[in-house]
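Dear colleague,

Please find below the sequence and structure that I am handing over to you. My notes on what was found follow directly after.

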Amino acid sequence: SVAPIPLEAVDWVLIEARSGNPNISGIKNTDLIQTRYGFLFENGEIKDLNGNMGIRFSNLVYGDDYYFVVRHRNHLDIMSAIPLKAEVSMLYDFTQSTNTALGPAQLKMSEDGSALMYAGDANGDGLIQTTDYDAWFLNNAEIDVYSLLDFNLDGIIQVSDYDRWFSNKAKVGIIEIQY
């Protein structure tokens, strides 16, 4: 638990630092080095639990390469397409292009030209498929909830969440983010 939650935050995310040479399919080939939490803002920014821009990692070795994974409760998780060298200050912007995430079709473009994560992975297994729809179908009418089935994050489970799932169905995350 965290208090206070910034008013502008729309949700929270997990950020993982990983070492190794990631695979798109087959066998995972990265090691988890550290996981941090952050607040997600509507404009796509991620801030630390104190409301500061960015996330601090304390277990990285200066000069070593790391890939970063962004995990969200009901979106297809993503990994950076390239490694970053650990330095005092690092920046990686997934919103600039769909090519900023490792693997084919891991992000999609919004109408305003920003790359977005795919919504609809209710069970967090790295696949948007019928099992996610099945979970939504069994609980498709709830109000004022914080739920894995609320794909558009409006606090209501309804047909608009199905619409998000439907437009993103049959998406497969890379092996490195799958459970």
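I begin with the lining of the largest pocket, to which strand 1 (9–20), strand 2 (30–41), strand 4 (65–71), strand 7 (107–109), strand 8 (115–117) and helix 2 each supply at least two residues. Here helices (H or I, at least four residues) and strands (E, at least two) are DSSP runs, numbered from the N terminus. Strand 8 provides the largest share of this lining, three residues.

Please note that this is a predicted model, in which local features need pLDDT of at least 70, side-chain atom pairs count only at pLDDT 80 or more, and totals for chains, interfaces and linings use all residues. Residues are numbered from 1 along each chain as its sequence is written, and side-chain values use heavy atoms, with hydrogens and water left out.

**Pockets**

The largest pocket has a volume of about 1,700 Å³. A pocket is found on a 1 Å grid over the protein atoms alone, as an open set of points where a 1.4 Å probe fits, with protein on both sides within 12 Å along at least five of seven lines; lining residues have an atom within 4 Å of a point. For the volume, grid points are joined across faces, edges and corners, and the space filled by probe spheres set on the points is taken. In total 50 residues line the largest pocket, and Leu40, Gly44, Glu45, Ile46 and Phe94 lie nearest its centre. By class, this lining has 28 nonpolar, 13 polar and nine charged residues. In this scheme Ala, Val, Leu, Ile, Met, Phe, Trp, Tyr, Cys and Pro count as nonpolar, Asp, Glu, Lys and Arg as charged, and the others, Gly among them, as polar.

The second largest pocket has a volume of about 180 Å³. Among its lining residues are Ser1, Asp11, Trp12, Phe39 and Tyr146. Strand 1 gives the most to this lining, with four residues.

**Aromatic rings**

The structure holds 11 aromatic pairs. One of them joins Tyr133 and Trp136, which are tilted, at 5.8 Å centre to centre and 35° between the planes. Rings of Phe, Tyr and Trp (its six-membered ring) pair if their centres lie within 6.5 Å; planes under 30 degrees apart count as stacked, over 60 as edge-to-face and the rest as tilted. Both residues lie in helix 1 (residues 130–138), three residues apart, about one turn of the helix. Tyr133 counts as partly exposed because its relative accessibility is 24%, whereas Trp136, at 7%, counts as buried. Tyr162 and Trp165 form a tilted pair as well, at 5.9 Å centre to centre and 35° between the planes. Tyr162 and Trp165 both lie in helix 2 (residues 159–168), three residues apart. Tyr162 is partly exposed at 24% relative accessibility, and Trp165 is buried at 7%. Buried means under 20% relative accessible area, exposed over 50%, and partly exposed in between (1.4 Å probe, protein chains only). Ring pairs link Tyr133, Trp136, Phe137, Tyr162, Trp165 and Phe166 into a cluster.

Two rings also have a charge over them: Lys47 sits over Phe41, 4.7 Å from the ring centre, and Arg73 lies over Tyr146, at 3.9 Å. This requires NZ of Lys or CZ of Arg within 6 Å of the ring centre and within 35 degrees of the ring normal.

**The whole chain**

The chain has two helices and 12 strands. Of its 179 residues, 40% count as buried.

Yours sincerely
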